[in-house]
Amino acid sequence: MQVEALLIPPAPPRVRVFTEDDLHVTLGFLGPVEAPEALAAWQTIDRFQSLSRVDGTFRCVRPLGHRRKPSALSALIQEGAPALSSMISEARAPLLEAAGAPPDDRSPSPHMTIARIQRRASAAERRHALEWAEALDLSRARFTASEVALYTWSSDRQSQLFRIVERRALAS
């Protein structure tokens, strides 16, 4: 994922801003499946017709996750949202099924998580994090999704949260 002009000011305490290498839009979150199951799902990736390069912009940053204690601070997609919604709609259920993961019947909501509030954040730190996120101006930021990838956790999560296991370029 290439992101241009995503200028994020220093985050408040207990907020971890993602590195550029960690930024992505999720087609299907497999959860805690074993590597062979994740790779089995990955082997189906070429069958999805809607997967193609997407250039886009962001609307705003919103908290996602648990209603009372959200953890993800995510940039909602504006330009490019219909294409990404189509990709999620087509690919998510078959990917989850191929991995043996539980189904996810939520409506597609294309977003890019840019930061996470740490679990140990106090109520005051959480409020401050949400205020910080709401004030972020992403009006000049653009992204290009030019590949699809299978992610796993990084072995050194202090420097980077995720590691790409496999990737494929998307057609223009």
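Predicted model: local features only at pLDDT ≥ 70, side-chain atom pairs only at ≥ 80, totals over all residues.
**Entry 1: a tyrosine to begin with**

Is Tyr 151 buried, partly exposed or exposed? I looked up its surface and found that Tyr 151 counts as partly exposed, at 25% relative accessibility; the terms mean under 20% relative accessible area for buried, over 50% for exposed and in between for partly exposed, with a 1.4 Å probe and protein chains only. Residues are numbered from 1 along each chain as its sequence is written, and side-chain values use heavy atoms, with hydrogens and water left out.

**Entry 2: the aromatic rings**

I then turned to the ring pairs, where rings of Phe, Tyr and Trp (its six-membered ring) pair if their centres lie within 6.5 Å, and where planes under 30 degrees apart count as stacked, over 60 as edge-to-face and the rest as tilted. A pair of aromatic rings is described by the distance of the centres and the angle of the planes. By this rule I have four aromatic pairs. One of them joins Phe 18 to Phe 162 edge-to-face, with 5.9 Å from centre to centre and 65° between the planes. This pair links distant parts of the chain, 144 residues apart, since Phe 18 lies in the loop between S2 and helix H1 (35–42) and Phe 162 lies in strand S8 (residues 162–169). For the labels I use DSSP runs, numbered from the N terminus: helices are H or I with at least four residues, and strands are E with at least two. Phe 18 counts as buried because its relative accessibility is 8%, and Phe 162 is buried too, with a relative accessible area of 13%. Tyr 151 and Phe 162 also form an edge-to-face pair, at 6.1 Å centre to centre and 85° between the planes. Here Tyr 151 belongs to strand S7 (residues 147–153) and Phe 162 to strand S8, 11 residues apart. Ring pairs link Phe 18, Tyr 151, Trp 153 and Phe 162 into a cluster.

**Entry 3: helix H3**

How many residues does helix H3 have? I find 13 residues (123–135) in H3, which reaches 19 Å from its first C-alpha to its last, close to the 18 Å expected at 1.5 Å a residue; the expected span is 1.5 Å times one less than the number of residues. The buried residues of H3 are Arg 126, Ala 129, Trp 132 and Ala 133. They lie on the same side of H3 because they cover an arc of only 125° around the axis, the arc being that of the directions from the helix axis to the C-beta atoms. An α-helix has 3.6 residues a turn, so residues three or four places apart point the same way. On the face turned away from the buried side I found the exposed residues Ala 123, Arg 127, Glu 131, Glu 134 and Ala 135. The cover over the buried residues of H3 includes strands S2 (15–17), S3 (54–65), S4 (70–77) and S5 (111–117), where contact means heavy atoms within 4.5 Å.

Why is S4 largely enclosed by the rest of the structure? The reason I noted is that seven of the eight residues of S4 are buried. Two strands pair if DSSP finds at least two bridges between them. S3 and S4 run antiparallel and are joined by six bridges, and they form a hairpin with four residues between them. Along this pairing Gly 65 stands opposite Pro 70 in S4, and Arg 62 stands opposite Ser 74 in S4. S4 and S5 also run antiparallel, joined by five bridges, with Leu 76 opposite His 111 in S5. S3 pairs with strand S6 (residues 142–145) as well, in the antiparallel sense over four bridges, and in S6 the bridge partner of Gly 56 is Phe 143.

**Entry 4: Thr 113**

Thr 113 has its place in strand S5, and it counts as buried because its relative accessibility is 13%. A polar contact of 2.9 Å joins the side chains of Thr 113 and Ser 74; such a contact is a pair of N or O atoms within 3.5 Å, where within protein one must be able to donate a hydrogen and the other to accept it, and residues adjacent in sequence count only if both atoms are side-chain atoms. Not counting residues up to four places away in sequence, Thr 113 touches residues including Phe 18, Leu 73 and Ser 74.
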